Amino acid sequence: MLLQRSGTAYLLVNATHIASLGVLVGAIVALDLRLLGVGRVVPLASAGPYLSRIAAVGLGLAVLTGAWLFTTQPDTYLDNAAFLTKLALVAAGVLNALCLHTRPAWRQVLQSDAVAPVSMRLQAAGSLLLWFSAIVAGRWIGFL
């Protein structure tokens with residue numbers, strides 16, 4: 001396998017994984033903060049879809065590179081509680097985002113640029129907690 005034979009290949013895939021996570025989480029944090037009322041001068045009608053697409057690209061790249069990194073030591077990763085926790089948190093974060101984007105309130109807030117309802121703001125705060133926790137779990141992998 002390429003990643004096991006080449007330290008440079010592993011380094012580049014790992015760096016791409018980390019950069020992808022930066023794109024993903026950066027877009028999510030910006031969107032969640034906007035939903036929480038930060039930066040209200042930026043219209044949610046344009047920022048929301050744009051940041052959502054950026055996050056989706058980051059997620060796609062992170063999943064691809066993460067799966068490739070996983071193939072280097074699958075048994076080790078599957079026995080690692082932090083890795084399994086990270087996967088669960090990422091799945092919860094993705095599910096939360098899908099739930100947010102399928103809510104009728106999402107379309108209403110985008111169209112009217114109104115203040116997000118309390119339930120949506122709670123969902124945004126939960127999203128911030130989920131993604132920060134996923135990052136912590138990901139960093140924790142190497143320590144177990």
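What follows is a walk through the fold, the surface and one loop of a predicted model.

A few ground rules come first. This is a predicted model, so local features need pLDDT of at least 70 and side-chain atom pairs count only at pLDDT 80 or more, while totals for chains, interfaces and linings use all residues. Residues are numbered from 1 along each chain as its sequence is written, and side-chain values rest on heavy atoms, with hydrogens and water left out.

The chain is helical: its secondary structure amounts to seven helices and zero strands, running α-α-α-α-α-α-α from the N terminus on. Here helices (H or I, at least four residues) and strands (E, at least two) are DSSP runs, numbered from the N terminus. Along the principal axes, the C-alpha atoms fill a box of roughly 55 × 25 × 20 Å. Of the 144 residues in the chain, 33% are buried; buried means under 20% relative accessible area, exposed over 50%, and partly exposed in between (1.4 Å probe, protein chains only). As for contacts (heavy atoms within 4.5 Å), take those between residues at least 6 apart in sequence: 74% of them join residues at least 24 apart.

Val29, Leu33, Leu36 and Val38 make up a nonpolar surface patch, with about 270 Å² of accessible area together. Patches take residues with over 30% relative accessible area and no salt bridge, joining like charges within 9 Å and nonpolar side chains (Val, Leu, Ile, Met, Phe, Trp, Tyr) within 5 Å. One member, valine 38, sits in the loop between helix H2 (7–35) and helix H3 (44–70).

On to the charges. The chain carries 9 positive and 4 negative side chains, and the centres of the two sets lie 11 Å apart. Lys and Arg count as positive and Asp and Glu as negative, with His and the chain ends not counted; each charge is placed at NZ of Lys, CZ of Arg, CG of Asp or CD of Glu. Searching the whole structure turns up one salt bridge, meaning a side-chain nitrogen of Lys or Arg within 4 Å of a carboxyl oxygen of Asp or Glu. The partners are arginine 34 and aspartate 113, at 3.3 Å from N to O. This pair links distant parts of the chain, 79 residues apart: arginine 34 belongs to helix H2, and aspartate 113 to the loop between helix H6 (104–112) and helix H7 (118–140). Arginine 34 is buried, at 6% relative accessible area, whereas aspartate 113 is partly exposed at 30%. The backbone of aspartate 113 also stands out, with a positive phi near 55° in a residue other than glycine. Most residues other than glycine have a negative phi.

The loop between H6 and H7 also holds valine 115, which counts as partly exposed at 46% relative accessibility. Beyond its neighbours within four places in sequence, valine 115 contacts Arg40, Val109 and Arg121. Valine 115 and leucine 84 are 31 residues apart in sequence, yet their C-alpha atoms are 36 Å apart in space. Valine 109 lies in helix H6 and is buried, at 4% relative accessibility. Not counting residues up to four places away, valine 109 touches Leu44, Ala114, Val115, Ala116, Pro117 and Met120.

Terms used. Accessible areas come from the Shrake-Rupley method with a 1.4 Å probe; for residues, only the protein chains shown count as cover.
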